[in-house]
2 protein chains.
Amino acid sequence: MDKERLYLYDTTLRDGQQTQGVQFSTAEKQQIAATLDALGVDYIEGGWPGANPTDSAFFEAAPATRAKMTAFGMTKRAGRSAENDDVLAAVLNAGTGSVCIVGKSHDFHVETALGISLEENTANIAQSISHIVGQGREALFDAEHFFDGYKSNPEYAVACCLAALEGGARWIVLCDTNGGTLPQEIGEITSAVIKAGIPGDRLGIHTHNDTENAVAGSLAAVEAGARQVQGTLNGLGERCGNANLTTLIPTLMLKEPFASRFEVGVTRAALETLTQASRLLDEILNRVPVKQAAYVGASAFAHKAGLHASAILKDPSTYEHIDPGVVGNARIIPMSNQAGQSNLRRRLSEAGIEVAKDDPALPRILEEIKAREDRGYTYDSAQASFELLARRELGQLPQFFEVKRYKVTVERRKNKYDRMVSLSEAVVVVKVDGEKKLSVSESMDEAGNDRGPVNALAKALAKDLGRYQGAIDDMRLVDFKVRITQGGTEAVTRVIIDSEDGQGRRWSTVGVSANIVDASFEALLDAIMWKLARDGGQI
Amino acid sequence: MDKERLYLYDTTLRDGQQTQGVQFSTAEKQQIAATLDALGVDYIEGGWPGANPTDSAFFEAAPATRAKMTAFGMTKRAGRSAENDDVLAAVLNAGTGSVCIVGKSHDFHVETALGISLEENTANIAQSISHIVGQGREALFDAEHFFDGYKSNPEYAVACCLAALEGGARWIVLCDTNGGTLPQEIGEITSAVIKAGIPGDRLGIHTHNDTENAVAGSLAAVEAGARQVQGTLNGLGERCGNANLTTLIPTLMLKEPFASRFEVGVTRAALETLTQASRLLDEILNRVPVKQAAYVGASAFAHKAGLHASAILKDPSTYEHIDPGVVGNARIIPMSNQAGQSNLRRRLSEAGIEVAKDDPALPRILEEIKAREDRGYTYDSAQASFELLARRELGQLPQFFEVKRYKVTVERRKNKYDRMVSLSEAVVVVKVDGEKKLSVSESMDEAGNDRGPVNALAKALAKDLGRYQGAIDDMRLVDFKVRITQGGTEAVTRVIIDSEDGQGRRWSTVGVSANIVDASFEALLDAIMWKLARDGGQI
């Protein structure tokens with residue numbers, strides 16, 4: 001039997017941005033769009049052009065994607081033609097192939113929120129959609145409050161959808177805007193809508209997680225016949241979030257009755273990057289990934305000691321509903337010290353470091369990692385620092401140079417024009433080949449802006465390393481992440497720095513300290529050490 | 001129509017303790033049991049007596065509860081009588097009125113994991129249950145892997161349940177142990193089990209959240225006829241967690257078709273303590289509460305989108321599926337890029353700032369917020385900085401004092417013992433009432449540890465503010481969050497600081513700069529300003 005196509009519509013960049021505290025930059029939007037595209041979603045809703053500067057900037061330089069880039073907006077307002085509605089014009093001006101517009105489908109909202117007649121509203125929908133279609137675009141209609149509207153006035157809710165359909169909309173999306181409809185009712189109403197004349201392969205479902213049922217509601221709509229599923233990565237979104245595509249994608253691909261009935265645009269190979277995509281978004285948001293997240297959480301396949309762990313050793317399928325590798329995740333079993341060592345050897349070997357099974361350095365390295373992780377270090381996301389730590393314990397790391405001391409000054413005062421200005425200055429003293437070298441740099445960039453103490457320190461540290469200078473001249477810092485691992489100003493700061501060199505190599509290092517400048521310095525130092533070791537053939 | 005009784009069975013203290021990283025102390029178990037009892041659950045599963053010292057200690061001093069305190073264990077092992085099974089004896093010795101034992105119901109597990117015949121297993125179940133009942137206790141049977149077992153061998157899975165029923169079990173609990181069964185299938189199999197002879201009012205449901213469907217699966221089982229629901233507070237539990245009672249309780253009480261068909265032991269008054277109960281558990285676990293949690297999360301009733309926010313002003317029911325007060329939660333209308341003027345006025349009014357609809361300061365404030373959010377500020381999570389910004393634009397904020405300049409030094413060098421040590425020192429110069437005041441502090445804490453430049457700066461700033469000193473002496477910083485809003489060392493740093501005073505007030509302020517020290521200083525300054533304005537009656 002041929003599988004039916006199911007379409008995935010991602011709204012991380014639009015509805016996901018409604019999450020409290022989330023405000024993507026244009027660069028972050030581009031990075032997320034690329035991730036979604038690589039994953040294989042069919043539509044990427046990029047934002048609302050004209051509603052805010054970031055969204056407008058994103059569409060001006062929207063990345064080329066295989067997925068259909070979609071601009072979001074709303075139906076034209078009453079009392080003007082679709083051609084003369086400036087809000088709608090701004091949406092169309094983004095030039096995307098697909099345009100999704102939201103409109104009312106609940107009689108109560110039409111009359112109280114818009115204050116127009118029911119007929120005016122359906123006319124607005126039909127005219128807005130046909131205007132979009134007339135411009136050669138694919139049109140989608142988001143029927144806001146659809147389920148509440150249907151419960152209040154089913155004929156009118158369906159009439160709004162029919163107006164969009166007649167206007168030429170490719171998709172009519174049934175939105176449970178306030179997240180209050182339970183899955184069974186979503187399924188029943190979706191069936192009724194199909195009976196009322198909207199074909200299932202023109203219907204989408206958009207749910208929210210206010211009762212923790214956004215995934216179940218989406219599945220119920222698909223079982224009832226809807227063929228487009230809307231959601232966000234990691235379930236980002238207003239209030240309790242949108243339907244979580246990170247959960248829906250593997251469920252639709254791996255679990256019955258969906259897996260054998262449908263196909264989606266995500267390949268099995270792309271599915272293996274799901275965990276990575278989820279973590280990337282958290283990284284961009286500087287959020288701690290949710291350990292208990294379905295499929296992709298660090299605990300999703302973690303088996304605590306006892307009955308389960310020993311059963312897992314006999315047969316993983318006993319306590320795992322899927323193979324964790326299929327979604328790029330991994331099993332975690334509390335390990336004996338011995339199991340920990342074989343795990344470590346495997347990881348060292350992956351880094352090109354071969355260590356004999358009985359090497360006394362193995363338990364030492366394990367102890368050191370454990371002790372440091374207790375203090376806030378993380379070696380999962382700082383592979384270069386892990387390699388340096390292991391090489392050091394194994395006696396395989398030369399001391400290229402020694403840092404004798406550093407000093408950074410951060411100052412803020414009024415300049416001669418009576419404006420407050422700030423400036424940082426760093427002095428670093430190193431010893432290379434027995435020779436002491438003092439370097440000083442300030443934090444001012446070429447445009448005259450203060451880039452802060454870490455910038456000054458990085459420049460001073462890389463200014464004069466004697467015969468090693470050539471090896472680090474092509475190095476640059478590409479990312480810098482800070483996380484406080486405990487509350488209070490007396491917290492511990494973890495800094496992770498990503499570096500890149502002229503050959504396109506990229507590596508990550510970590511530093512931890514109560515002093516944020518010192519934590520940054522430690523990560524900077526590791527970054528240079530790794531580069532020297534790698535170029536010198538030691539790594 | 002009389003409502004049917006639905007029973008709530010909490011396993012936070014047993015299955016919840018399987019969460020990675022969770023290990024309750026006996027005192028914590030007592031505190032949680034008291035919270036659950038006040039909430040009104042019917043059963044509290046306290047742990048497995050004999051399996052670990054904490055669980056045994058808890059039952060030895062179990063609190064008196066209205067809820068039925070329940071001990072957990074497993075069916076007797078093969079080759080010995082129920083009377084002579086020491087593991088089962090330890091469970092019975094806990095002396096609880098209810099005893100829940102887990103046993104196999106999946107043929108594959110019986111044969112591979114237990115290595116006994118199918119008949120031996122059903123006999124073990126029946127004999128274990130009748131032994132418990134014979135001791136005058138209420139018996140529950142947890143049918144492990146029931147749904148997978150049913151899919152593999154429906155007759156045998158049901159036979160295991162019938163054995164427990166014939167042994168005298170009050171409840172047969174269908175467990176989806178690995179969390180892999182989707183809601184619709186749970187509903188169908190539950191119906192089939194009832195048809196096969198287990199009455200629905202003897203059936204319980206126990207689901208896990210591995211596909212984010214634990215709540216939906218429980219609801220499907222109730223719709224099919226099951227009358228006991230098992231779960232945990234905040235969805236604690238192994239891997240992705242158990243069914244979340246914090247979500248299920250309000251859903252069953254407030255949403256149809258459940259609300260009018262069923263009654264539970266939780267009163268409407270107790271339901272208003274739900275948010276508090278959820279936060280208490282997080283506090284015990286020292287976890288940051290999940291903002292997006294259904295019903296009880298801090299963001300569950302937070303409205304960000306401009307469209308939504310203005311509709312909420314007209315009628316809260318438009319974007320809220322329930323009244324937040326019913327579960328002890330509250331509405332939040334944060335500021336954001338997408339906010340309109342009505343949102344702004346509403347938020348100002350909530351902060352006690354009344355502004356006329358046509359006040360020319362409104363568009364100015366909105367512009368200022370938009371411009372600052374583009375530069376990396378976020379006012380969603382920094383309410384105090386928002387209030388200061390608005391007061392300043394409205395000309396309602398006195399300039400309590402002026403910062404003339406500051407200077408921070410961060411130094412790392414070898415001490416006299418040849419060990420690397422670091423130290424920061426901050427000088428802050430302020431002008432209060434026309435008088436210039438110089439303060440200096442260092443970053444060393446009482447234990448002799450360097451706490452970094454921000455700590456030194458905070459101490460120096462709060463050291464001498466003349467006549468304002470008294471107002472800030474009871475202030476302390478309770479949290480400090482750093483986020484880089486663009487990549488590279490030339491990124492912009494956003495610092496959010498949470499402060500608290502002696503009256504238990506807590507407020508958040510934000511600072512943004514390429515210079516992390518300067519961003520921190522800005523947030524520190526706002527924190528002090530807010531406190532002065534609030535105590536001075538300006539806010």
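Analyst: A residue counts as buried if 20 or more other C-beta atoms, placed from the backbone, lie within 10 Å of its own, as exposed if 12 or fewer do, and as partly exposed in between. By this count, buried residues make up 52% of the 539 residues in chain A. The model is predicted: local features need pLDDT of at least 70, side-chain atom pairs count only at pLDDT 80 or more, and totals for chains, interfaces and linings use all residues. Residues are numbered from 1 along each chain as its sequence is written, with chains lettered from A and ligands numbered from 1 in the order in which they are written.

Helix α18(B) covers residues 453-461 and helix α20(B) residues 516-535; helices are DSSP runs of H or I, at least four residues long, numbered from the N terminus. Their axes are 10 Å apart, at an angle of about 35 degrees. Axes are lines fitted to C-alpha atoms over the stretch in contact, and angles run from 0 to 180 degrees between N-to-C directions. The crossing is right-handed, meaning that the near helix is turned clockwise from the far one by less than a right angle.

α18(B) contributes P453(B), V454(B), L457(B), A458(B) and L461(B), which meet V517(B), S520(B), F521(B), L524(B) and I528(B) of α20(B). Contact here requires C-beta atoms within 7 Å. By class, nine of these residues are nonpolar, one is polar and none is charged; Ala, Val, Leu, Ile, Met, Phe, Trp, Tyr, Cys and Pro count as nonpolar, Asp, Glu, Lys and Arg as charged, and the others as polar.

Notes:
Helices (H or I, at least four residues) and strands (E, at least two) are DSSP runs, numbered from the N terminus. Two residues are in contact if their C-beta atoms, placed from the backbone, lie within 7 Å.
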